[in-house]
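Here is a quick tour for anyone meeting this structure for the first time. Have a look at the sequence and the 3D view, then read on.

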Amino acid sequence: MPAPSAVPARVSAVPRLLRGACALLALAVVAVMVVVALHTQPSYALNPFDAADRVAIGGVGVFVGAAILALGRSRVDADASGIRVRNVVGGRTLPWQAVRAVRFDRKAWWATLELANGDAISITALQAVDGERAATAVEGLRALLEADRAARPTPVRGPLLWD
């Protein structure tokens, strides 16, 4: 069990490397599509593009760039009250009582929450490529989970019927 001073008050993490890669890729896609839109000149014989088509090409580039940026929106926030996980699509807020374990297997790409009901939730904000930053966040989540378990009284169980 961690010492009370070792338990962080709050743990927040985002996938740093993924966010950077998504930002660069989105910028490249938008730049290429804007360049294509600007260099597409109307020529009714071979290339029947007009101004509206060029704006649409640029708009598609912005839309695709925004979709690429959305891939890096993962985040995890935790404190004494519970954990909030936001992945690419959707998110969950859970109390610590619903969490059985915080796992980050050696060959896994990201961490996983094992729930008391047997389900598992991927925490894509804690990725293996982020190295020490992700490991520190996982240790903080585990410390918060253990602190919550230590604060909750263990249920008293009576004798079994066949004892």
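Two strands count as paired if DSSP finds at least two bridges between them. With that in mind, keep in mind too that this is a predicted model.

Between β5 and strand β6 (residues 110-115), the antiparallel pairing runs over four bridges. Val-99 is a handy spot to check, as it stands opposite Leu-115 in β6.

The other open sheet is built from four strands, ordered β1-β2-β3-β4, again with antiparallel pairing. At its edges sit β1 (10-13) and β4 (91-94), and each of these pairs on one side only. On average, neighbouring strands in this sheet are turned by 5° against each other, direction ignored. Strands β2 and β3 (residues 82-86) pair in the antiparallel sense over five bridges.

| Strand pair | Sense | Bridges |
|---|---|---|
| β2 and β3 | antiparallel | five bridges |
| β5 and β6 | antiparallel | four bridges |

**Asp-77, a stop in β2**

Asp-77 belongs to strand β2 (residues 75-79), and its bridge partner in β3 is Arg-84. Is Asp-77 buried or exposed? Its relative accessibility is 12%, so it counts as buried; the cut-off for that is under 20%. The Asp-77 side chain also makes a polar contact with the side chain of Ser-12, at 2.6 Å. Setting aside residues up to four places away in sequence, Asp-77 touches Arg-10, Val-11, Ser-12, Gly-82, Ile-83 and Arg-84.

Which strands does helix α3 (residues 132-151) touch in the four-strand sheet? The helix packs on that sheet and touches β1, β2 and β3, with its direction making about 145° with that of β1.

Within α3 you'll find Leu-144. This residue is buried, with a relative accessible area of 4%. Leaving out neighbours within four places in sequence, Leu-144 is in contact with Val-7, Pro-8, Val-11, Ala-78, Asp-79, Ala-80 and Trp-96. Leu-144 and Ile-83 are 61 residues apart along the chain, and their C-alpha atoms are separated by 9.4 Å.

**Helices α1 and α2**

Two packed helices are described by the angle between their axes and the distance between the axes. For helix α1 (residues 16-39) and helix α2 (residues 51-70), the axes come within 8 Å and cross at roughly 175°. Angles over 145 degrees count as roughly antiparallel, and α1 and α2 are therefore roughly antiparallel to each other. Residues making the contact include Cys-22, Ala-23, Leu-25 and Met-33 of α1, along with Arg-54, Ile-57, Gly-58 and Leu-69 of α2. What classes of residue does this contact have? It has 16 nonpolar, three polar and one charged residues.

Methods
Residues are numbered from 1 along each chain as its sequence is written. This is a predicted model: local features need pLDDT of at least 70, side-chain atom pairs count only at pLDDT 80 or more; totals for chains, interfaces and linings use all residues. Side-chain values use heavy atoms; hydrogens and water are left out. Helices (H or I, at least four residues) and strands (E, at least two) are DSSP runs, numbered from the N terminus. Buried means under 20% relative accessible area, exposed over 50%, partly exposed in between (1.4 Å probe, protein chains only). A polar contact is a pair of N or O atoms within 3.5 Å; within protein, one must be able to donate a hydrogen and the other to accept it, and residues adjacent in sequence count only if both atoms are side-chain atoms. Contact means heavy atoms within 4.5 Å. Axes are lines fitted to C-alpha atoms, for helices over the stretch in contact, and angles run from 0 to 180 degrees between N-to-C directions. Angles under 35 degrees count as roughly parallel, over 145 as roughly antiparallel, 65 to 115 as roughly perpendicular and the rest as oblique. Ala, Val, Leu, Ile, Met, Phe, Trp, Tyr, Cys and Pro count as nonpolar, Asp, Glu, Lys and Arg as charged, and the others, Gly among them, as polar.
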